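Here is a short note for a colleague opening this entry for the first time. Please keep the sequence and the structure side by side while reading.

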Amino acid sequence: MAVEPSDSVDPERDLAGRPRFTARGVWRGAVEITPVAAFVIPFGIAFGVAASAKPIPPELAVLMSGAVFAGAAQFAVLDLWRAPLPLAMLALTVLAVNARHILFGAALAPWLLQVPIARRLAALLFLSDANFAQATAARARGETDAGILLGSGLAMWITWIVGTTIGVYGSAFLGDLSRFGFDAVMLTYFTAIVLGQWEGSIDLLPWITAAAVALLCAHMLPPGWHIIFGALAGAIAGAWRHGR
């Protein structure tokens with residue numbers, strides 16, 4: 001006897017529990033990260049104010065935030081911005097600061113390699129530290145909808161552009177932004193995410209190894225590389241610890 005499909009079945013849901021990518025997940029990702037995304041606006045404002053102090057047209061600064069969408073790399077580029085532009089140095093700096101995305105991609109591969117390539121690339125296009133942390137935490141809870149990654153990334157991207165726009169066009173009225181203490185917000189957020197993934201003493205060695213190597217390399221290498229070496233050292237220590 002043929003079985004008729006039930007109207008109650010979600011056609012986008014993978015009943016085998018494999019990764020999926022739905023509009024519902026995109027919306028949920030955007031909503032869930034909204035409290036964090038709101039605090040991205042002051043960082044975007046800070047970049048806009050810093051860019052306005054350089055010979056960078058306001059529209060170009062906003063375009064940079066929309067096209068590059070990498071706060072740390074954009075701040076690093078400002079230190080090198082002079083005439084004539086050292087294009088090779090700019091490219092190497094952006095590569096160094098953003099090379100951690102290689103590690104992000106490897107961590108997300110089990111999720112994203114099983115969804116259509118167009119949706120996969122869209123999610124990766126808006127990848128950032130904050131929505132990577134959110135997606136990783138969701139996956140650790142057993143979430144199968146990779147649309148969360150795209151939705152949260154879009155929310156972060158929009159608020160970053162909004163912040164930059166406010167900064168470049170309102171820099172004359174904003175003054176010193178450090179007095180508001182926004183620099184502690186993202187540190188607190190990532191600390192909470194990391195502590196939420198603590199699984200006991202088995203995590204102690206890789207955590208200490210990653211922190212020690214990152215701190216050491218921060219004083220020896222160009223900006224951004226300490227994150228990569230710290231993450232690699234922690235991963236190696238974790239693989240050794242779990243393999244014992």
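The numbered points below go from overall confidence to single residues.

1. **Ground rules.** This is a predicted model, in which local features need pLDDT of at least 70, side-chain atom pairs count only at pLDDT 80 or more, and totals for chains, interfaces and linings use all residues. Residues are numbered from 1 along each chain as its sequence is written, and side-chain values use heavy atoms, with hydrogens and water left out.

2. **Confidence.** The protein averages a pLDDT of 79; pLDDT is the predictor's confidence in each residue, from 0 to 100. A score of at least 70 is reached by 78% of the residues. Over residues 1-16 the pLDDT is below 50. Beyond near neighbours in sequence, that stretch has eight contacts in the model (contact means heavy atoms within 4.5 Å). Where pLDDT is low, the predicted coordinates should not be read in detail.

3. **Architecture.** The protein has 13 helices and zero strands. Helices (H or I, at least four residues) and strands (E, at least two) are DSSP runs, numbered from the N terminus. Take the contacts between residues at least 6 apart in sequence: 78% of them join residues at least 24 apart.

4. **Surface and burial.** Of the 244 residues, 40% are buried. Buried means under 20% relative accessible area, exposed over 50%, and partly exposed in between (1.4 Å probe, protein chains only).

5. The largest one here has 37 residues. Phe-21, Ile-33, Leu-108, Leu-112, Leu-149 and Met-156 have the most contacts inside it. The elements giving two or more residues are α2 (34-38), α3, α4 (58-67), α5 (71-80), α7 (100-112), α9 (129-140) and α10 (147-174). The largest share, seven residues, comes from α10.

6. **Around Leu-112 and Leu-149.** Leaving out residues up to four places away in sequence, Leu-112 touches Arg-120, Leu-124, Ala-146 and Leu-149. Leu-149 also has a C-alpha separation of 9.6 Å from Ala-133, 16 residues away along the chain. Ala-133 is found in helix α9 and is buried, because its relative accessibility is 5%.

7. **Ala-155 in α10.** Ala-155 lies in helix α10. Its relative accessible area is 14%, so it is buried. Setting aside neighbours within four places in sequence, Ala-155 contacts Ala-30, Ile-33 and Ala-37.

8. **Helix α3.** The 13 residues of α3 (residues 40-52) should span 18 Å at 1.5 Å a residue, and the end C-alpha atoms are 18 Å apart, which agrees. The expected span is 1.5 Å times one less than the number of residues. Buried residues of α3 include Val-40, Ile-45, Phe-47 and Val-49. Ala-46, also in α3, is partly exposed because its relative accessibility is 24%. Ala-46 and Thr-164 are 118 residues apart in sequence, yet 7.5 Å apart in space, C-alpha to C-alpha.

9. **Aromatic pairs.** There are four aromatic pairs. Rings of Phe, Tyr and Trp (its six-membered ring) pair if their centres lie within 6.5 Å; planes under 30 degrees apart count as stacked, over 60 as edge-to-face and the rest as tilted. Phe-126 and Trp-157 have ring centres 5.2 Å apart and planes at 65°, so this pair is edge-to-face. Phe-126 sits in the loop between α8 (117-125) and α9, Trp-157 in helix α10, 31 residues apart. Phe-126 is buried at 13% relative accessible area; Trp-157 is partly exposed at 25%. Phe-47, Phe-75 and Trp-160 form one aromatic cluster.

10. **A backbone point.** Most residues other than glycine have a negative phi. Phe-69 is not a glycine, but has a positive phi of about 50°. Phe-69 lies in the loop between α4 and α5 and is buried, at 12% relative accessibility.

Methods:
Core = buried A, V, L, I, M, F, W, Y, C linked by side-chain atoms within 4.5 Å.
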